[in-house]
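Welcome, and please take a moment with the sequence and the coordinates below.

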Amino acid sequence: EALQAAIQRARATGVAADLIAEAEALVAAEAKRSSARSALAEACADGSRAVLEPALEAARSAGLGAEELAGAEAKLREELEREEFLAAVLRELEASKTVDMKSLDAVRDAKARLGDAIAEALERGVKESALAEAEVRRKKLHNTVEDLKGSIRVFCRIRPLSRKEVDQNDANITKQIDAMTLHMWDENQKEYPFQFDAVFTPGTQEQIFEDCKDLVQSAADGYNVTLFAYGQTGAGKTFTMAGTPEMPGVSPRTISEIFRVVEAGKSRFDFKVRGSMLELHRQDLVDLLAKGDTTKKTRPRPLNVRMEKSGAVAIDNLTEEDCACAEDLANLLERGNEQRTVAATEMNSESSRSHLILIIRIVSTNKETGETLNGKILIVDLAGSERLKKSQTTADMQKESIEINKSLTALGDVIEALTKGQKQIPYRNHKLTQLMQDSLGGTAKTLMFVNCSPAGSNFEETLNSLKYAQRAKKITNAR
């Protein structure tokens with residue numbers, strides 16, 4: 001500006017034109033350098049190659065010195081290095097798509113190579129968004145390894161701190177390390193690492209179901225599939241499994257996916273979908289569809305769990321309804337949910353006091369061959385697990401809590417027996433495990449959600465839940 005003003009005065013006083021021209025050239029060059037500096041600063045803030053390269057070219061053309069270029073050049077080198085590591089990830093991603101997915105060693109090796117490439121890319125600063133597809137593939141390879149080994153899949157979901165916990169200055173004692181690893185700390189800062197098939201903190205309902213929906217096809221293919229949620233009262237089990245009308249959970253999304261699969265396969269198969277719903281309240285099995293049916297004047301007949309010769313679990317006298325569309329099955333779910341036993345505890349104003357079981361049977365008959373496949377989806381929302389002192393229930397509700405903990409202990413015993421490969425599995429020790437007998441171990445495909453609180457005040461409950469889930473992770477199924 002000072003030079004511009006001097007030029008104006010020079011013209012007014014009749015200074016030679018060649019001197020004025022030289023001064024104007026200096027002004028133009030400085031303006032170009034100033035513009036280049038601004039563009040370079042913006043490019044450094046952006047950090048992308050597409051912006052850095054032209055900014056650097058313009059800066060060199062404007063005559064900026066090496067010192068002024070150094071920062072942007074360093075950023076460009078880092079970006080080019082990130083691109084190289086991203087390219088390596090993409091190569092491994094493409095290579096993994098040609099792997100023999102029936103070979104445990106081949107899938108495990110592909111998972112390791114892709115995982116290493118992702119880890120190196122992240123270390124070099126490649127953005128998570130650029131690695132999303134590769135991360136999805138890595139998880140799929142991991143889950144395939146688990147399926148080939150026949151292990152149960154376990155997903156961990158940590159809810160946010162509640163308003164009450166925030167108001168009480170409760171500390172968050174959990175941290176997601178990566179897509180499959182969670183660490184937690186006690187009051188002495190002792191660290192407890194856990195690894196599962198997936199960790200969500202808390203993730204969206206869509207993200208949660210994205211990792212479940214392939215199991216619907218397994219049921220259509222004639223397998224038994226079980227989805228169940230475990231955790232203390234108030235940890236988010238019912239939100240995960242049922243959700244809300246605005247944010248539907250696993251159960252309603254499974255229903256939609258079932259009929260999507262039915263629609264996609266109807267040219268080759270005739271499908272029949274049937275649904276039933278019951279709760280295990282204390283030691284009593286309750287038919288929730290009969291419980292809510294006011295048109296029946298007779299008392300519902302008692303439910304009896306038995307094993308058929310085929311190894312399938314059968315429940316005598318349980319109401320089972322044909323469902324021709326997703327709306328039919330969704331209405332059945334809603335009617336059953338309305339009849340579930342709940343009560344207020346210190347942990348939750350509307351605590352589920354029973355185990356809720358939705359049973360969906362899918363029968364598919366091949367139109368050409370006549371082959372019939374019978375699949376089943378068992379969706380279980382377990383009652384909350386916690387100490388009586390913690391839930392502060394009284395009298396009759398304490399008896400409920402005792403029965404709930406007995407049933408969860410029985411389930412844990414079954415899981416431990418399966419883990420150790422024992423010949424005798426104690427399924428008959430409780431009605432809950434009798435119900436789930438064809439859904440844990442064997443050829444069943446099982447997905448467990450462990451729902452946890454992140455609050456320090458719930459340290460013991462969260463630690464116990466994570467240990468319980470980690471034990472379940474070791475179940476192996478018959479091939």
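Which residue in S4 is the bridge partner of Trp 185? That partner is Glu 191. Please keep in mind throughout that this is a predicted model.

The bridge belongs to a pairing between strand S3, residues 181-185, and S4, which run antiparallel and share five bridges. Three strands make up the open sheet, ordered S2-S3-S4 with antiparallel pairing. Strand S2 (174-178) and strand S4 (191-195) are its edges, each pairing on one side only. On average, neighbouring strands in this sheet are turned by 25 degrees against each other, direction ignored.

## Nonpolar cores

The largest nonpolar core has 47 residues. Those touching the most other members are Phe 228, Leu 278, Leu 411, Met 448, Val 450 and Leu 466. Leaving aside residues up to four places away in sequence, Met 448 touches Ile 152, Arg 153, Val 154, Phe 155, Phe 228, Tyr 230, Tyr 468, Ala 469 and Ala 472. There is also a second, separate core of 38 residues, with Leu 215, Val 225, Ile 255 and Val 262 among them.

## Aromatic pairs

How many aromatic pairs does a search of the whole structure find? It finds six. In one of them, the ring centres of Phe 155 and Phe 200 are 6.0 Å apart; the planes meet at 65 degrees, so this pair counts as edge-to-face. Distant parts of the chain are linked this way: Phe 155 sits in strand S1 (residues 153-158) and Phe 200 in strand S5 (residues 198-200), 45 residues apart. Ring pairs join Phe 155 and Phe 200 with Phe 449 in a cluster.

Phe 194 and Phe 196 give a stacked pair, with 6.3 Å from centre to centre and 5 degrees between the planes. Phe 194 has a relative accessible area of 4%, so it is buried. Phe 196 is buried as well, with a value of 1%.

## A charge over a ring

One last stop concerns Tyr 468, which is among the residues touched by Met 448. Arg 471 lies over the face of the Tyr 468 ring, 5.5 Å from the ring centre.

Note on methods:
Residues numbered from 1 in each chain as written. Predicted model: local features only at pLDDT ≥ 70, side-chain atom pairs only at ≥ 80, totals over all residues. Heavy atoms only, no water. Pairing = 2+ DSSP bridges. Helix = DSSP H or I, 4+ residues; strand = E, 2+ residues; numbered from the N terminus. Axes fitted to C-alpha atoms, helices over the stretch in contact; angles between N-to-C directions. Core = buried A, V, L, I, M, F, W, Y, C linked by side-chain atoms within 4.5 Å. Buried < 20%, exposed > 50% of the residue type's maximum accessible area, 1.4 Å probe, protein only. Contact = heavy atoms within 4.5 Å. Phe/Tyr/Trp six-rings, centres within 6.5 Å; stacked < 30°, edge-to-face > 60°. Lys NZ or Arg CZ within 6 Å of the ring centre and 35° of its normal.
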